[in-house]
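Here are some notes for you to read with the model open.

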Amino acid sequence: MHEVMRHRWLLLGACGWVLLILMFVFIPFKCAFSDYGNRAGGHSWTVPGTKVVKPPPVIKCSLFPNTFSSLFPSASPSAADWHLVSEKRIELLSTACKNSSLRNLTHVSISKFVLDRIFVCDKHKILFCQTPKVGNTQWKKVLIVLNGAFSSVEEIPENLVHDHDKNGLPRLSSLPPQEITHRLNSYFKFLIVRDPFERLISAFKDKFMKNPRFEPWYKHDIAPAIIRKYRKSHRYSDLATSGLHFEDFVRYLGDTEGRRRIDRQFGEHIIHWVTYAELCAPCEIQYSVVGHHETLEHDALYILRAAGIDQLVSYPAIPPGITHYNRTKVELYFSGISKRDIKRLYARYQGDFLLFGYPSPDFLLN
C-alpha cells in the first residue's frame with residue numbers, strides 16, 4: 001500500500017514539473033518577438049535611429065515580471081531559468097521598440113539628460129541607468145563599492161550615496177563623446193523597472209507626503225505650482241500648507257501640453273516621475289539586462305552574475321514583501337480619480353507598460 005502511494009506521489013510530482021515547463025516555455029512565445037540585434041536606433045548616442053521598421057503584430061500578451069514568484073513563491077529558479085526570463089524581457093522590449101505606432105512614447109534621443117542618468121564603473125565595464133523610485137540607491141551602493149571607495153555596501157553613509165561630487169561614481173555625461181560611444185557599445189548595461197503606476201504612487205508619497213527636510217522644494221515650490229494649475233478650487237494664501245493631492249498630481253502628469261511649461265521650472269527634480277523611455281532611452285541603447293522590482297530577489301543575483309561581479313560584492317538584503325506589486329494600494333490611490341484623468345495618465349505611460357511587459361491596468365481604465 002505504501003509503495004503504491006509513493007509511486008502516485010512521484011507521478012504527480014513529475015506531472016507538476018512538466019506542467020511548469022509547458023507554462024514557462026510556451027506561454028511567452030505567444031507574443032510576436034523579434035530579433036533584438038536588429039533594433040532600430042543602434043548604439044548611436046548623438047543621433048536617434050531613423051530606420052523605419054514595419055510594425056510587428058499587436059502584442060496580445062505580456063511577459064509577467066513575476067513568472068517564477070507567482071508559481072513557486074518559495075522556490076529559487078536556477079541561473080539558466082532566469083537567463084531565459086531575461087532573454088524574453090529583452091525580446092519583448094525589442095518588439096515594442098519596433099512598433100511604429102508607439103514611437104512617440106518609446107523613442108528619445110540620447111541627450112545629456114539621458115547620459116546624466118547613467119553611472120559608470122570603468123573597473124568592471126558596467127553602466128547603470130538610474131530610474132528613481134525603483135530601489136536604485138542600493139545599486140548605486142554596489143557600484144560605489146566596485147569603484148573602490150568602500151569595501152562593502154554597509155559601510156557607505158546614506159548621505160553620501162547621492163552626493164555625486166564625493167561618492168566616486170561618475171556619470172556617463174562627464175566623458176568625451178568618443179569615450180561615451182565606446183562604453184555604450186562595449187560595457188555591460190542594465191536598468192531596473194517596476195509597474196509604472198505603482199512607481200508614480202511611490203514618487204508622490206516620498207516627495208510630497210514624507211517630504212524629507214533636505215528636499216524642501218517639493219513642498220514649497222513644486223506642489224504649489226501644480227495646485228495653482230490643476231486643482232479645481234484652491235486658496236492662493238494656503239498653497240504651501242494645504243498639501244498636494246494625488247488627484248492634482250495625476251492631472252499634472254496627464255496634461256501633455258500644459259505640464260511642459262512648468263516642468264521647465266522644476267528642472268531635473270522631475271526625474272522621479274518622467275517615463276523610463278525619457279530616462280534611459282531603452283530603444284536607442286542596447287541594454288544587457290532589464291531587472292524588475294517585483295522580482296528583485298532573483299534579478300539582483302542574476303545581474304551580479306551576468307556582470308561577473310557576484311564574487312566581489314553583494315546586493316543588500318531586501319525586506320520581505322517590499323518588492324511585491326500591491327494592486328490594493330494602486331486601487332486605493334486611484335479610487336477618487338476620474339476615468340478621464342486615469343486614461344490621460346495611461347496615455348502618457350503606455351510606452352513604459354508595453355516596453356517592459358506590464359499588463360494594462362484595465363481594472364482602473366474600464
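1. Start with Arg-327: its charged end sits over the ring of Phe-363, 4.0 Å from the ring's centre. A charge counts as over a ring if NZ of Lys or CZ of Arg is within 6 Å of the ring centre and within 35 degrees of the ring normal. Arg-117 does likewise with Phe-113, lying over its face at 4.9 Å from the ring centre.

2. A word on the ground rules: this is a predicted model, where local features need pLDDT of at least 70 and side-chain atom pairs count only at pLDDT 80 or more, while totals for chains, interfaces and linings use all residues. Numbering runs from 1 along each chain as its sequence is written, and side-chain values use heavy atoms, with hydrogens and water left out.

3. Now the aromatic pairs: the whole structure has 24 of them. Rings of Phe, Tyr and Trp (its six-membered ring) pair if their centres lie within 6.5 Å; planes under 30 degrees apart are stacked, over 60 edge-to-face, and the rest tilted. Phe-246 and Phe-249 form a tilted pair, because their planes stand at 45°, with the centres 6.3 Å apart. Both sit in helix H12 (residues 246-254), 3 residues apart, or about one turn of the helix. Helices (H or I, at least four residues) and strands (E, at least two) are DSSP runs numbered from the N terminus.

4. (Buried means under 20%, exposed over 50%, partly exposed in between, with a 1.4 Å probe and protein chains only.)

5. Tyr-252 and Phe-266 make an edge-to-face pair, since their planes are at 70°; the ring centres are 6.2 Å apart. This pair links distant parts of the chain, with Tyr-252 in H12 and Phe-266 in helix H13 (residues 258-266), 14 residues apart. Tyr-252 is buried at 0%, and Phe-266 is buried at 5%.
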